[in-house]
Amino acid sequence: MKRGGRDNDHNSSEEGTAEKSKKMRTTNEHFQTCDWGNLLPDIILHVFKYLPLLDRAHASQVCRSWNQVFHMPDLWRCFEFELNQPATSYLKATHPELIKQIIKRHSNHLQYVSFKSHFISALTVVFVNSKSLSSLKIDDTPVDDPSLKVLVANNSDTLKLLKMSSCPHVSPAGILCVADQCHGLRELALNYHLLSDELLLALSSEKHVRLEHLRIDVVSENPGQTHFHTIQKSSWDAFIRHSPKVNLVMYFFLYEEEFDPFFRYEIPATHLYFGRSVSKDVLGRVGMTCPRLVELVVCANGLRPLDEELIRIAERCKNLSAIGLGECEVSCSAFVEFVKMCGGRLSQLSIMEEVLIPDQKYSLEQIHWEVSKHLGRVWFPDMMPTW
């Protein structure tokens, strides 16, 4: 009986192996006989949207149906052009002529464009031929004021978002031209050097300008080598009177000694992000000068506790609903008091565990219960940054 049992098991095993082999052969034969050219256009379109420009071009040469998908308008409504690699790089660069051909044929379909390149002629082709741009992001590109005038002439009715970074040839007058002519503009993102009293006053005087978001990047690459001008309080006041619901988002990547021109009087900032170490003095001034503050992120501060600064921010910034602290120090008692003052309006509370310093009143084991009680939900410190 035992031998017969073994024989039956052996036969069953062989039958199972044979069945698996048959299924594998059937699957392989299916893939070998599958006509990839007959895939539904919507499926090919979905795949193409994830491909870089050069890979799209190569894929379009596979067959006629793929080439037809390559030229569908839906494929070109949102696209990012990036040409930072020289032709001699081991990383294959997209040939400028290919981009030119694509843009000439599909520029009238483009709606959401991100452009990062020294290849200014391609961007000029976009500006000249596009008629329906809704979102335009330009980074590290030698665009200038005349180019922006061309952009405005063709897209004044559709442009809603303009973001410009590292564009040294653009002046505040060029930005003003965009704001003046593009009546649907709702979001503007600029380097701080493009922000001026004249621009803010102009944005405040045009009835059709209704910005919802103004983002300012304040960046310094070399300490002490960048001069930062001061925006007058009267200009900010006029801007807020005109657009009282605007979100003013400011990203600071400065060295500590470069903060002197900032937070000397009240400014209408709603979102502040400090990407480098910021001093206690600056954070203290934030509490005094930013009553509209909604979100605050501090990546680093140093080894001096921020107890007084946090309490001041909680007292004066009545709209604060999100805060993130990285390499900082706050006593557990001060942090609990801060949360108690802000209450349930703190929808985002991202605090690294290393930030909290135990004291006589609270230990690290106790603090999460106390904070959870005041928030009305379960809360724990973060083990790593979430912003």
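Trainee: What covers the buried residues of helix 8?

Mentor: Some ground rules come before the reply. This is a predicted model, in which local features need pLDDT of at least 70 and side-chain atom pairs count only at pLDDT 80 or more, while totals for chains, interfaces and linings use all residues. Residues are numbered from 1 along each chain as its sequence is written, and side-chain values use heavy atoms, with hydrogens and water left out.

The cover of the buried residues of helix 8 includes helix 7 (145-155), strand 4 (161-165), strand 5 (187-191) and helix 9 (197-205). Helices (H or I, at least four residues) and strands (E, at least two) are DSSP runs, numbered from the N terminus. Helix 8 itself comprises residues 172-181, and its buried residues are Gly174, Ile175, Cys177, Val178 and Ala179. Buried means under 20% relative accessible area, exposed means over 50%, and partly exposed lies in between, with a 1.4 Å probe and protein chains only.

The setting of this helix is a protein chain with 14 helices and 13 strands. Of the chain's 387 residues, 45% count as buried. Among its contacts (heavy atoms within 4.5 Å), those with a separation of 6 or more come to 67% from residues 24 or more positions apart.

Another pair of helices shows how two elements may lie together. The axes of helix 11 (residues 280-289) and helix 12 (residues 307-316) come within 8 Å and cross at roughly 15°. Axes are lines fitted to C-alpha atoms, for helices over the stretch in contact, and angles run from 0 to 180 degrees between N-to-C directions. Helix 11 and helix 12 are therefore roughly parallel to each other, a label for angles under 35 degrees. On the side of helix 11, Lys280, Leu283, Gly284, Gly287 and Met288 take part, and they meet Glu309, Arg312, Ile313 and Arg316 in helix 12.

Side chains of opposite charge can pair when their charged atoms come close. A salt bridge is a side-chain nitrogen of Lys or Arg within 4 Å of a carboxyl oxygen of Asp or Glu, and the whole structure holds seven of them. One of them lies in helix 11, where aspartate 281 and arginine 285 are four residues apart, about one helical turn; their closest N and O atoms are 2.7 Å apart. Aspartate 281 is partly exposed at 47% relative accessible area, whereas arginine 285 is buried at 11%.

In helix 14 (residues 364-375), lysine 373 and glutamate 370 are three residues apart, again about one helical turn. The closest N and O atoms of their salt bridge are 3.0 Å apart. Lysine 373 is exposed at 55% relative accessibility, and glutamate 370 is buried at 18%. A further salt bridge joins arginine 215 to aspartate 217, with closest N and O atoms 3.0 Å apart; arginine 215 is partly exposed at 23%, and aspartate 217 is buried at 10%.

Finally, consider confidence. The predictor's confidence in each residue, from 0 to 100, is called pLDDT. Its mean over the protein chain is 81, and 79% of the residues reach 70 or more. Confidence is highest in strand 7 (residues 247-253), at a mean of 96, and lowest in helix 1 (residues 2-33), at 55. Over residues 83-92 pLDDT stays under 50, and the model has eleven contacts beyond four places in sequence for them. Where pLDDT is low, the predicted coordinates should not be read in detail.

Notes
Parallel < 35°, antiparallel > 145°, perpendicular 65-115°, else oblique.
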